[in-house]
Amino acid sequence: MTHYTAASAIVIGGSIGGLTTALLLRDLGFTVDVYERTAGPLDGRGSGIVLQPDTVRWFTERSTQHIDDLSTSTNYVQYLDRSGDVRYREQCTWTYTSWGTFYRALLADFGTEHYHYGEFACGFSQDDRRATVRFVSGRTESADLVVFADGVTSMARERFDADADLRYAGYIGWRGTVGLRELDAGTQAVLRDAITYDVIPNSHITMYPIPGEHSLRMEDRLMNYVWYRNVPAGPELTEMLLDKRGFPGTVSVHPGQVQDRYVAELKAAAVELLAPAVAEVVTATETPYLQVLSDVRSTRMAQGRVALIGDAACASRPHAAAGTAKAAADGWALAAALGDAGGDIASALAKWEPAQLQLSDSLLRRVVAMGERSQFTNTWTPGDPDLRFGLYGPGR
Ligand SMILES: Cc1cc2nc3c(=O)[nH]c(=O)nc-3n(C[C@H](O)[C@H](O)[C@H](O)COP(=O)(O)OP(=O)(O)OC[C@H]3O[C@@H](n4cnc5c(N)ncnc54)[C@H](O)[C@@H]3O)c2cc1C
């Protein structure tokens, strides 16, 4: 294993992909600095993440924090119908965290000394020895290795693949959370130990309980959901994405900023279309928010001593619940390639790239097919094993 004690690394984007990679590079001996555009600790908006092995690998293999202290689990996958009856149910355990809980745990391990808030990267260049990142603040920083983990709206992506544009999926995800204890006792009993789906024509909703903001106790858990609803591209979508201040959202409209009439329509539709327990979760949500679902994939992830990882390299619809796992997997594979490289960073990146490109390609194809089944061809069959979550394939 090569150690990089005299080497430095810059990571752009201090979210799950960036922090996981920063921690792994530091373990290899790099002096690592993370630059995050947000001015202070990131706000998770309280939503959930389904935990896959790659996502939690930092905690299972390297951290003194234990994943059991960051997560909740359920034992069933179930589909409800409009009347509330169980259409399909199987025993299957999944674990979850909330984005904020997970982010805080990664940041606690990395520390804040080398985590720089409020720095928006706007360009980079490199020569044979160093890569340099430019920031809108006027700052420039150089290092032996630069990793862009700057998410779905990546500034760097265009420099890797000028043709990699976001392609709208044709539907949006309405997201929200509500305290489990705020729900009717019967609703709690139906939902508390399962991932619950409700599939209706050209749409579906999925929900599961996640940890509360600062507590794993059952009474503090939150029900977290995504309701996938078709909205054609064009003026209808553009209008919907204008927030209450009149600013256009590109990838999301944040909680509390969605125009009231769209929230009212969402809640009315929930009552009309969904199983009563599922509808109650939606109607009880104070500030549902929406995410525009798009796919994008760069055909390159390595360029000399600069790497592109996570959502920056490939972002896709969340049907496989694998976005965080892929970001973490990119980081783990990068660290492994560097560890085997004998100190030649550019050749490590070149060796790392093909398998990660293949992984993003197979994930993207799978989630596009899943989305087509639920939103357009109405062939999403409850219990079909092909519809299971997983980064490497259904259920894997
Ligand atoms: C605040 C927040 C909340 C989220 N909540 C959820 C959730 O509840 N459920 C879920 O499934 N997924 C959530 N995600 C998305 C999820 O983290 C990603 O889909 C996945 O983990 C891949 O992570 P990533 O690190 O590649 O990208 P992201 O998580 O998107 O992180 C990219 C990071 O880069 C920063 N950044 C962007 N551009 C620049 C720039 N030019 N200079 C410096 N920094 C930049 C962003 O502020 C962000 O912190 C959230 C992301 C964020 C940022």
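## Briefing: fold and salt bridges

Of the 396 residues of the protein chain, 56% count as buried (under 20% relative accessible area, with exposed over 50% and partly exposed in between, using a 1.4 Å probe and protein chains only). This is a predicted model, where local features need pLDDT of at least 70, side-chain atom pairs count only at pLDDT 80 or more, and totals for chains, interfaces and linings use all residues. Residues are numbered from 1 along each chain as its sequence is written, and side-chain values use heavy atoms, with hydrogens and water left out.

**Overall build**

- The protein chain holds eleven helices and 19 strands (DSSP runs numbered from the N terminus: H or I of at least four residues for helices, E of at least two for strands).
- Its radius of gyration is 21 Å, close to the 21 Å that the globule rule gives for 396 residues, so the chain is as compact as a globular protein of that length (taken over C-alpha atoms; the rule is 2.2 Å times the number of residues to the power 0.38).
- The C-alpha trace spans about 65 × 45 × 35 Å along its principal axes.
- Among contacts with a separation of 6 or more, 71% join residues 24 or more positions apart (contact means heavy atoms within 4.5 Å).

**Charges**

- There are 37 positive and 48 negative side chains, and the centres of the two sets lie 2 Å apart (Lys and Arg count as positive, Asp and Glu as negative, leaving out His and the chain ends; each charge is placed at NZ of Lys, CZ of Arg, CG of Asp or CD of Glu).

**Salt bridges**

- The count comes to 18 salt bridges, each being a side-chain nitrogen of Lys or Arg within 4 Å of a carboxyl oxygen of Asp or Glu.
- Asp 27 and Arg 62 form one of them, at 2.7 Å from N to O. Asp 27 lies in helix α1 (residues 16-27) and Arg 62 in the loop between α2 (53-61) and β4 (72-80), so the pair ties together parts that are 35 residues apart in sequence. Asp 27 is partly exposed at 38%, and Arg 62 is partly exposed at 39%.
- Asp 220 pairs with Arg 181, with the closest N and O atoms 3.6 Å apart. Asp 220 sits in the loop between β13 (203-210) and β14 (222-230) and Arg 181 in the loop between β11 (167-179) and α5 (185-191), so this bridge ties together parts 39 residues apart in sequence. Asp 220 is buried at 15%, whereas Arg 181 is exposed at 57%.
- Arg 181, Arg 217, Glu 219 and Asp 220 are linked in a network of salt bridges.
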